[in-house]
Amino acid sequence: MTELTFTLLRLGFLVLLWVFVFAAIGVLRRDLYGTKITARKGRSAQDAPRAAAGAAPSRSAPASAPTPAAPAPTGPTRLVVTAGPLRGTTVPLSTSSILLGRAPSCTLVLDDDYSSSRHARIFPQGGTWYVEDLGSTNGTYINERRISGIEPLPPGVGVRVGQSVVELQR
């Protein structure tokens with residue numbers, strides 16, 4: 001081999017080594033600092049009840065006919081974070097499921113190193129709310145008991161996802 005070929009091979013391996021080093025640093029940086037929490041487009045979870053109340057169509061009823069009162073909801077109406085970095089955060093419940101995790105696409109984005117990107121799902125089915133672990137690394141717990149599949153979730157019972165605890169409330 002000529003001296004030029006040998007020098008080019010050495011420089012090529014050196015460049016390849018630096019590419020590997022920078023890739024490893026990038027992985028470590030993402031692992032240490034976690035996912036960036038970005039602002040979502042549209043309404044936030046706290047603005048939804050106010051916007052829904054303001055967007056309700058107003059119908060004028062006759063003055064003599066009283067409007068019937070809506071029946072009080074018997075089930076839970078909100079999901080509340082009771083412990084963790086987002087303590088006090090409230091998500092109003094509807095007929096759709098609530099996804100918990102670090103990914104920006106989740107309904108409740110947890111800024112927590114111990115939660116997975118798509119950690120757990122809370123969803124209604126047949127008038128009952130259920131919680132499902134979505135294959136998280138650190139697990140999902142109901143009353144200090146790790147769950148593996150789909151479990152019913154009564155109101156007032158805490159669900160631990162990473163360092164956060166959420167519960168259904170009326």
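Biologist: Which residue lies over the face of Phe-123?
Modeller: This is a predicted model. A charge counts as over a ring if CZ of Arg is within 6 Å of the ring centre and within 35 degrees of the ring normal. At 3.9 Å from the ring centre of Phe-123, the residue over its face is Arg-121.

Biologist: Over the ring of which residue does the charged end of Arg-160 sit?
Modeller: The charged end of Arg-160 is 4.2 Å from the centre of a ring. That ring belongs to Tyr-141.

Biologist: Is the aromatic pair of Trp-18 and Phe-22 stacked, edge-to-face or tilted?
Modeller: The structure holds two aromatic pairs. One of them joins Trp-18 and Phe-22, with 5.8 Å centre to centre and 35° between the planes. Stacked needs planes under 30 degrees apart and edge-to-face over 60, so the pair of Trp-18 and Phe-22 is tilted.

Biologist: How are Trp-18 and Phe-22 placed along helix H1?
Modeller: Helix H1 covers residues 3-33, and the two residues are four apart in it. The separation of Trp-18 and Phe-22 is therefore about one helical turn.

Biologist: Is Phe-22 buried or exposed?
Modeller: Trp-18, its ring partner, has a relative accessible area of 48% and is partly exposed. The cut-off for exposed is over 50%. Because Phe-22 has 56% relative accessibility, Phe-22 counts as exposed.

Biologist: Which strands are the edge strands of the open sheet?
Modeller: Five strands form this sheet, with mixed pairing, in the order S4-S3-S5-S6-S9. An edge strand here pairs on one side only. The edge strands are S4 (108-109) and S9 (150-152).

Biologist: Which residue in S4 stands opposite Leu-100?
Modeller: Strand S3 (residues 98-101) pairs with S4 in the parallel sense, over two bridges. Opposite Leu-100 stands Leu-108.

Definitions and conventions:
Residues are numbered from 1 along each chain as its sequence is written. This is a predicted model: local features need pLDDT of at least 70, side-chain atom pairs count only at pLDDT 80 or more; totals for chains, interfaces and linings use all residues. Side-chain values use heavy atoms; hydrogens and water are left out. Rings of Phe, Tyr and Trp (its six-membered ring) pair if their centres lie within 6.5 Å; planes under 30 degrees apart count as stacked, over 60 as edge-to-face and the rest as tilted. Buried means under 20% relative accessible area, exposed over 50%, partly exposed in between (1.4 Å probe, protein chains only). Two strands pair if DSSP finds at least two bridges between them.
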